Amino acid sequence: MAVTIYGVCAVTFMMVMYALEARGRQYVLLFALGCVLSSLYGFLAGAWPFGVVELIWSVVAVRRYRELAPAG
């Protein structure tokens with residue numbers, strides 16, 4: 001049950017950060033963090049393909065964060 005609750009929180013956080021990405025590059029980085037948290041959930045739940053895909057998305061998000069120019 002604890003893994004399920006963790007998963008709901010992690011995936012919810014990830015999706016909220018994805019929805020807020022247009023507000024600033026910090027949300028892209030937070031989305032990457034959400035992907036890592038969701039990846040951990042996938043591995044804990046035994047759904048390793050989900051864990052791998054989320055880990056890949058975190059790398060993609062970090063690359064996007066680095067490519068975006070800082071505000072100011």
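**Exercise 1.** Which residues does Ser39 touch, not counting residues up to four places away in sequence?

*Solution.* Keep in mind that you're working with a predicted model. Start by placing the residue: Ser39 sits in helix α2. Now look for its partners, skipping anything up to four places away in sequence: you get Gly51, Glu54 and Leu55.

**Exercise 2.** Is Ser39 buried or exposed?

*Solution.* Grab the relative accessible area, which is 2% for Ser39. The cut-off for buried is under 20%. So Ser39 counts as buried.

**Exercise 3.** Work out how helix α1 runs relative to helix α2.

*Solution.* First, find the helices: α1 covers residues 2–19 and α2 covers residues 25–44. Next, check their axes, which come within 8 Å and cross at roughly 155°. Angles over 145 degrees count as roughly antiparallel, so that's the label for α1 and α2.

**Exercise 4.** What kinds of residues make up the contact of α1 with α2?

*Solution.* List some members from each side. From α1 you have, among them, Val3, Tyr6, Phe13 and Met17, and the α2 side includes Leu30, Phe31, Leu37 and Tyr41. Then sort the residues of this contact: 17 are nonpolar, 4 are polar and none are charged.

**Exercise 5.** Describe the overall build of the protein.

*Solution.* Count the elements: 3 helices and 0 strands. Read along the sequence, that gives α-α-α. Then box it in: the C-alpha atoms fill roughly 45 × 20 × 10 Å along the principal axes.

Terms used. Residues numbered from 1 in each chain as written. Predicted model: local features only at pLDDT ≥ 70, side-chain atom pairs only at ≥ 80, totals over all residues. Heavy atoms only, no water. Axes fitted to C-alpha atoms, helices over the stretch in contact; angles between N-to-C directions. Helix = DSSP H or I, 4+ residues; strand = E, 2+ residues; numbered from the N terminus. Parallel < 35°, antiparallel > 145°, perpendicular 65-115°, else oblique. Contact = heavy atoms within 4.5 Å. Nonpolar A, V, L, I, M, F, W, Y, C, P; charged D, E, K, R; others polar. Buried < 20%, exposed > 50% of the residue type's maximum accessible area, 1.4 Å probe, protein only.
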